[in-house]
Amino acid sequence: MAVLSMPGDADSSVGLTGRPVYELRGVSKTFAKRNVQALDKVDLTLREGTFSAIIGPSGCGKSTLLKIMAGLQPPSSGSVILQGRPVLGPRRDIGMMFQQATLFPWRTTIENIVLPIEIRDGKAAARAKYDQARQLIDLVGLKGFETVYPGELSGGMAQRAAICRMLITEPAVLLLDEPFSALDELSRDFMNMELQRICLERSATSFLVTHSIPEAVILSDIVYVMSPRPGRFVEAITVDIPWPRTLDMMTDPRFGALVHRIRGHLDKGAFQ
Amino acid sequence: MTQAHSTVGTASMPEQTIWSEHVSWIDRVPRWVSMLTLLAGFLAVWQLVYIIELVSPIILPSPAETIEDLFVVGRNLLTGDYMLHALWVTTQEVLLGFIIAVALGFALGVLVGETSFGERAVMPYLVAVNTMPKVAFAPLFVSWLGFGIASKVALAAFIAFFPVIVGTAAGLHAADPNARMLFKTMGANRWQTLVQLKLPIGMPHFFSGLKNAAVLVVVGAVVGEFLGGGKGFGELIRVAAAQLDTPRVFSLIIYLSLLGLATFWVVAWAQRRFVFWHKESVTEETLAP
């Protein structure tokens with residue numbers, strides 16, 4: 001099995017030269033209670049303005065990695081450094097989005113969006129952010145739904161609002177945990193293209209966890225393939241398809257080749 | 001119509017292609033008609049039982065007698081006579097009992113639902129208290145608090161507070177893991193998570209506890225009056241029953257049930273007002289005003 005050890009050489013080989021925003025070095029996680037090693041010496045560098053995806057079978061430690069990166073769980077060993085400062089807990093420069101939009105039904109769309117500000121800085125600060133929130137609502141195409149309660153939003157619209165809520169704190173990195181996997185396939189493709197547009201427009205540094213190979217390939221500069229038990233990166237695959245991507249590119253032979261290569265890794269993992 | 005169909009072509013196409021779902025006639029009757037019919041049927045059976053003297057008329061009055069007495073009691077209430085005073089006494093007991101039950105139940109519910117000390121150490125005792133026949137405490141409350149309204153308020157609150165604890169605690173557990181994780185990523189502290197997430201999400205549970213309490217608190221007040229005297233509606237019922245004035249007992253019970261209905265409605269109204277985002281089940285919605 002071609003195990004490319006990550007950091008330096010893999011990154012330079014893909015020719016990405018942006019400033020490193022998020023750096024993980026030798027991150028391992030062992031759950032002592034069950035004596036399970038979830039992550040084994042993971043190295044990862046997210047460079048400014050790039051989109052990275054991580055893909056792997058269930059139980060390969062993706063969620064654990066994401067929780068560590070979000071500051072929700074400490075690693076057992078290794079360093080986790082965002083913008084030059086170690087991550088020791090949840091931070092406002094980390095934006096996160098989940099499979100469920102998790103909007104609160106007693107708050108209007110815009111009130112949901114400024115919630116992170118309200119929690120961190122209080123009500124007055126949240127109100128001061130309304131203008132910015134409206135710009136974000138504009139950006140994601142939710143104009144006119146500012147004062148609507150989430151009960152009236154469709155699944156896709158709710159996720160758009162969740163994108164705004166993630167962006168309102170102007171995070172340095174976006175952590176996306178299968179953000180659209182609860183949507184139907186058509187909405188999902190569409191929302192992925194919207195996500196790409198938003199990320200390009202803001203030159204966001206993004207990190208996506210997904211189960212879908214095409215989704216990972218169409219959205220990313222680099223796709224990390226992960227193997228289970230203990231979770232480690234098997235290969236980092238550079239996606240050399242030009243930006244902006246369109247859904248038509250899924251028929252591109254290069255796209256097919258990349259999907260094939262990733263599938264090969266995952267199938268191998270499954271029969272180990 | 002037939003022409004329009006024939007343009008479709010095939011001769012085998014059936015004439016009628018628009019179909020409607022069959023709705024049984026009983027489901028098509030307007031609500032007020034079916035409700036009045038049921039009431040009339042009930043009164044008819046009651047009258048029949050009275051006529052054939054299935055039960056001694058001393059124990060069971062006729063519907064006509066009862067309705068007549070409803071007017072007598074109604075007039076007494078409207079003219080502000082002693083019955084109105086009795087109703088006011090009972091209303092006070094119910095309101096005070098309810099307020100105490102809600103305050104106590106909410107506080108204990110937060111303790112039990114939010115802290116693991118409460119859940120593991122306090123809850124077992126609360127469950128044990130709840131399994132006691134609480135009415136049996138009435139004589140104790142009377143000897144502690146006297147024959148005034150205090151002893152009735154205490155019994156009413158005691159009988160009604162447990163559903164509020166259960167509702168509050170269940171509500172605090174209602175937030176799903178995603179929402180909790182989201183609050184963590186936003187750096188929310190425990191207080192913020194409680195006030196901004198857990199309490200609002202738990203509101204529907206809290207209110208079902210309140211609705212149970214609203215019904216039980218009337219039970220508590222009346223039982224308290226039966227066992228501890230005083231000047232309330234329960235006392236009027238007790239006296240009427242002792243005098244075998246059964247029409248009076250029936251009409252007093254009907255007025256008392258209006259008091260219970262009113263408390264229930266106030267809670268249901270508050271729920272609609274404050275938990276506007278939560279759609280209730282059909283059954284509960286039709287009961288609300």
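How many residues of chain A are in contact with how many residues of chain B? In this predicted model, 17 residues of chain A meet 12 residues of chain B. On the chain A side, strand E6 (94-97) and helix H4 (115-121) each supply at least two of the touching residues, and H4(A) gives the most, with 4 residues. Sorted by class, this side of chain A has 13 nonpolar, 3 polar and 1 charged residues.

Let's step back and look at how chain A is divided. The domain assignment gives domain 1 (7-93 + 171-270) and domain 2 (98-156). Their C-alpha centres lie 26 Å apart. Where the two domains of chain A touch, 11 residues of domain 1 are in contact with 8 residues of domain 2. On the domain 1 side, helix H8 (residues 185-201) of chain A brings the largest share, 4 residues. That side of domain 1 divides into 5 nonpolar, 2 polar and 4 charged residues.

Next, follow the strands of chain A. Four of them form an open sheet in the order E2-E1-E4-E5, with antiparallel pairing. Strand E2 (36-47) and strand E5 (85-86) of chain A stand at the edges with a single partner strand each, so one side of each has no neighbour in the sheet. Strand E1 (residues 20-31) and strand E4 (residues 77-82) of chain A run antiparallel and are joined by 5 bridges. Helix H2 (residues 62-69) of chain A lies across E1, E2 and E4 of chain A, at about 55 degrees to E2(A).

Now for chain B. An unreviewed UniProt entry places the feature "transmembrane region" at several stretches of chain B, including residues 125-147 and 249-270. In the model, residues 125-147 of chain B are 65% helix and 0% strand, with end C-alpha atoms 29 Å apart. Residues 249-270 of chain B are 100% helix and 0% strand, and here the end C-alpha atoms are 32 Å apart.

Among the elements of chain A, helix H3 (residues 109-113) has the highest mean pLDDT (92) and helix H1 (residues 7-13) the lowest (40). Residues 1-15 of chain A have a pLDDT below 50, and this stretch has 17 contacts in the model beyond near neighbours in sequence. Where pLDDT is low, the predicted coordinates should not be read in detail.

Methods:
Residues numbered from 1 in each chain as written. Chains lettered and ligands numbered in written order. Predicted model: local features only at pLDDT ≥ 70, side-chain atom pairs only at ≥ 80, totals over all residues. Domains from an automatic or database assignment. Contact = placed C-beta atoms within 7 Å. Nonpolar A, V, L, I, M, F, W, Y, C, P; charged D, E, K, R; others polar. pLDDT = per-residue confidence, 0-100. UniProt positions renumbered as here; feature names shortened; annotations may be inferred. Pairing = 2+ DSSP bridges. Axes fitted to C-alpha atoms, helices over the stretch in contact; angles between N-to-C directions.
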